[in-house]
Amino acid sequence: MSGPLLCEGRVVIVTGAGRGLGRAHALAYAAEGARVVVNDLGVGLDGTPGPDSPAARVVAEIRAAGGQAVAHGGDIATTEGAASLVRTALETYGRLDTLVNNAGFLRDRMLVNLDEDDWDAVLRVHLKGHFLPLKHAAAHWRAEAKDGRTPRARVVNTSSGAGLLGSVGQGNYSAAKAGIIGLTLVAAAELGRYGVQVNAIAPAARTRMTERAFADTMAAPGADSFDAMAPENVSPLVVWLGASASSGVTGRVFETEGGRITVMEGWRPGPTADKGARWTPSEAGDTALKLLAQAEVPGAVYGAG
């Protein structure tokens, strides 16, 4: 006999949930008893509008399996779109417990070929598209806490290995994903007093964004092999982070791929030297080289989802 569902009674928003990782997260939350607001603007890989409504298809999948879900097609990188996203949860289900920020797309270029519009578009959807839903959800949770109804709220942000280590040809994407980690740390510190936990994941999985850029790595294996790049592998951790069961976990970044989960430790002090006075440029350079010789070699630069 199975135990209680992990997210029974919780209301969860997932942005960019029409395909890939977001779709997998939405289905996984619904399977654990959550009522899900499925957000997707229905755009192509480059952010231009698409011809169909992937959010509605995911809602239909959830309902066909006996779950509860509603679609939201607004642009969450606008104030009105983000506000209406939160309103949809409150007006449909009367509460909001978890926000999963997942929406994004790619416009890959080497830096010398990267147009300002491509920079702005990627930063807008990834970074602003995290900030605005977080801002409006947090305002609701703060009001609840001030009225004596302190929530057990959760936010799961989506960064990337590109944000942790950089990725050649993805200066805009890497900058946005690194910014999401900074936003996660600040939000965790600011919102804890209101009963809100904020964490981030850096997933590697097969999505529309990765299956073209990293075709060999992302290729599906044979039918009898474990599909390490299936987006569904990432969702169990996302569901747990969005559940009450994750109490006490906040301000952390998890790398997740296949069957592997890693707690990332981020920037921390390494070798250091203190002269106690101002260095000359030559002294500073000599000292920097000595410290670098003692320091760990940075991880490989690679692409990620």
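Reader: In which loop does Gln170 lie?
Author: This is a predicted model. In it, Gln170 lies in the loop between α5, residues 161-165, and α6, residues 171-191.

Reader: Is Gln170 buried or exposed?
Author: Gln170 has a relative accessible area of 1%, so the residue counts as buried.

Reader: And which side chain does Gln170 join in a polar contact?
Author: The partner is Ser167. The side chains of Gln170 and Ser167 are joined by a polar contact of 2.8 Å.

Reader: Let us turn to α6. At roughly what angle do the axes of α4 and α6 cross?
Author: The axes of α4, which spans residues 116-146, and α6 cross at roughly 15° and come within 8 Å. Angles under 35 degrees count as roughly parallel, and therefore α4 is roughly parallel to α6.

Reader: What is the handedness of that crossing?
Author: The crossing of α4 and α6 is right-handed.

Reader: Which residues make the contact?
Author: From α4, they include Trp119, Leu123, His126, Leu127, Phe131 and Leu134. On the α6 side, Tyr173, Ala176, Ile180, Leu183 and Leu191 are among them.

Reader: How do the residues of that contact divide by class?
Author: The contact of α4 with α6 has 14 nonpolar, five polar and two charged residues.

Reader: What about α1 and α2: how do their axes cross?
Author: The axes of α1, residues 20-31, and α2, residues 54-64, come within 10 Å and cross at roughly 25°. That angle makes α1 roughly parallel to α2. The crossing of α1 and α2 is right-handed.

Reader: Which residues meet there?
Author: Arg23, Ala26, Leu27 and Ala30 of α1 meet Val58, Glu61 and Ile62 of α2. By class, the contact of α1 with α2 consists of five nonpolar and two charged residues, with no polar ones.

Reader: A change of topic: where is Arg252 found?
Author: Arg252 is in the loop between α9, residues 235-241, and β7, residues 253-257. With a relative accessible area of 39%, Arg252 is partly exposed.

Reader: Which residues is Arg252 in contact with, leaving aside its neighbours within four places in sequence?
Author: With those neighbours left aside, Arg252 is in contact with Val198, Asn199, Ala200 and Val263.

Reader: What separation do the C-alpha atoms of Arg252 and Leu185 have?
Author: These C-alpha atoms are separated by 7.6 Å, while Arg252 and Leu185 are 67 residues apart along the chain.

Methods
Residues numbered from 1 in each chain as written. Predicted model: local features only at pLDDT ≥ 70, side-chain atom pairs only at ≥ 80, totals over all residues. Heavy atoms only, no water. Helix = DSSP H or I, 4+ residues; strand = E, 2+ residues; numbered from the N terminus. Buried < 20%, exposed > 50% of the residue type's maximum accessible area, 1.4 Å probe, protein only. Polar contact = N/O pair within 3.5 Å; in protein donor to acceptor, adjacent residues only side chain to side chain. Axes fitted to C-alpha atoms, helices over the stretch in contact; angles between N-to-C directions. Parallel < 35°, antiparallel > 145°, perpendicular 65-115°, else oblique. Left-handed = near helix turned anticlockwise from the far one by under 90°. Contact = heavy atoms within 4.5 Å. Nonpolar A, V, L, I, M, F, W, Y, C, P; charged D, E, K, R; others polar.
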